[in-house]
Amino acid sequence: MKVDLHTLWDIEIDESRLCEYCTDDSIHLEISYNSDFRNAVFLRKIADFICKHYWVHPKWRTRIVLIVDELNNNAIEYGTLKWGSNLFEFQLVKNTCWNIDIRISVTDAWNGLHAKNAGNMKELRDQHNSKDFSKHHSIRGRGLFLIISRLVDSLEFEDVDKKGLKVIVTKSLQVHSDS
Ligand SMILES: Nc1ncnc2c1ncn2[C@@H]1O[C@H](COP(=O)(O)OP(=O)(O)OP(=O)(O)O)[C@@H](O)[C@H]1O
Ligand SMILES: [Mg+2]
């Protein structure tokens, strides 16, 4: 289901509207939004609501919200000019009673001052992987490669049809389990 963020909230997130997109065992939402930090709060709330709806463990619910926030913040800060548009995708599939697969991606518009392609991001990842983070003193430069990459099962980068960089993470979870 592809929607614009504006259709999902007025003063607050429209939870009944979100429920309409949830089937018994899956949801696949594609939300386009203006590249403005003020939108991040709504995207966090949407991720939190979906996780609660499918009984994701509270510890992982918090982590999924953190992951969503980081991917969106990076797209807003680096990939897309203010008032450009990003695409946030959230896919959750309940495979069995106990197993949930989550796939989250954010595609930027490649017009930001610090926009990068997938090759650039893979190079950055290699640089970070070879770095000793105990010697990393900046409070920046931790979100994606230090925190998020350690939480998820996979972190990938794709170039989307000359339109933008897509940052994709996946995580497989057990319902009610915090591991
Ligand atoms: N969507 C994106 N487009 C372009 N560059 C990106 C994107 N996401 C991340 N980057 C690059 O990857 C680097 C590392 O990202 P990371 O999120 O780890 O750190 P940060 O955003 O600089 O700081 P913070 O710790 O506050 O998240 C960024 O500094 C930026 O150069
Ligand atoms: Mg970041």
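## Around the ligand

Sorted by class, the shell around ligand 1 holds 8 nonpolar, 5 polar and 5 charged residues. Please keep in mind as you read that this is a predicted model. In total, 18 residues surround ligand 1, and the closest of them are Asn74, Tyr78, Gly79, Gly143 and Leu144. Which element supplies the largest share of the shell? That is α3, with 5 residues.

## The chain as a whole

Now zoom out. The chain has 5 helices and 6 strands. Starting at the N terminus, the order of the elements is β-α-β-α-α-β-β-α-α-β-β. Along the principal axes, the C-alpha atoms fill a box of roughly 45 × 35 × 30 Å. A compact globule of 179 residues would have a radius of gyration near 16 Å, and the chain agrees with this because its own value is 16 Å.

## Two helix pairs

Next, look at how helices pack. Two packed helices are described by the angle between their axes and the distance between the axes.

| Helix pair | Angle between axes | Distance between axes | Crossing |
|---|---|---|---|
| α2 and α3 | roughly 150 degrees | within 9 Å | right-handed |
| α3 and α5 | about 145 degrees | 11 Å | left-handed |

Let us take α2 (residues 40-53) and α3 (residues 58-79) to begin with. Their axes cross at roughly 150 degrees, and angles over 145 degrees count as roughly antiparallel, so α2 and α3 are roughly antiparallel to each other. On the α2 side, the contact is made by Ala40, Leu43, Arg44, Ala47, Asp48, Cys51 and Lys52. On the α3 side, the partners are Arg61, Ile64, Val65, Val68, Asp69, Asn72 and Asn73. By class, this contact of α2 with α3 has 7 nonpolar, 2 polar and 5 charged residues.

Which residues of α3 meet α5? They are Arg63, Ile67, Glu70 and Asn74, and they meet Gly143, Leu144, Ile148 and Leu151 in α5. The residues of the contact of α3 with α5 divide into 4 nonpolar, 2 polar and 2 charged.

Technical notes: Residues numbered from 1 in each chain as written. Chains lettered and ligands numbered in written order. Predicted model: local features only at pLDDT ≥ 70, side-chain atom pairs only at ≥ 80, totals over all residues. Axes fitted to C-alpha atoms, helices over the stretch in contact; angles between N-to-C directions. Helix = DSSP H or I, 4+ residues; strand = E, 2+ residues; numbered from the N terminus. Parallel < 35°, antiparallel > 145°, perpendicular 65-115°, else oblique. Left-handed = near helix turned anticlockwise from the far one by under 90°. Contact = placed C-beta atoms within 7 Å. Nonpolar A, V, L, I, M, F, W, Y, C, P; charged D, E, K, R; others polar. Near = placed C-beta within 6 Å. Rg over C-alpha atoms; globule rule 2.2 N^0.38 Å.
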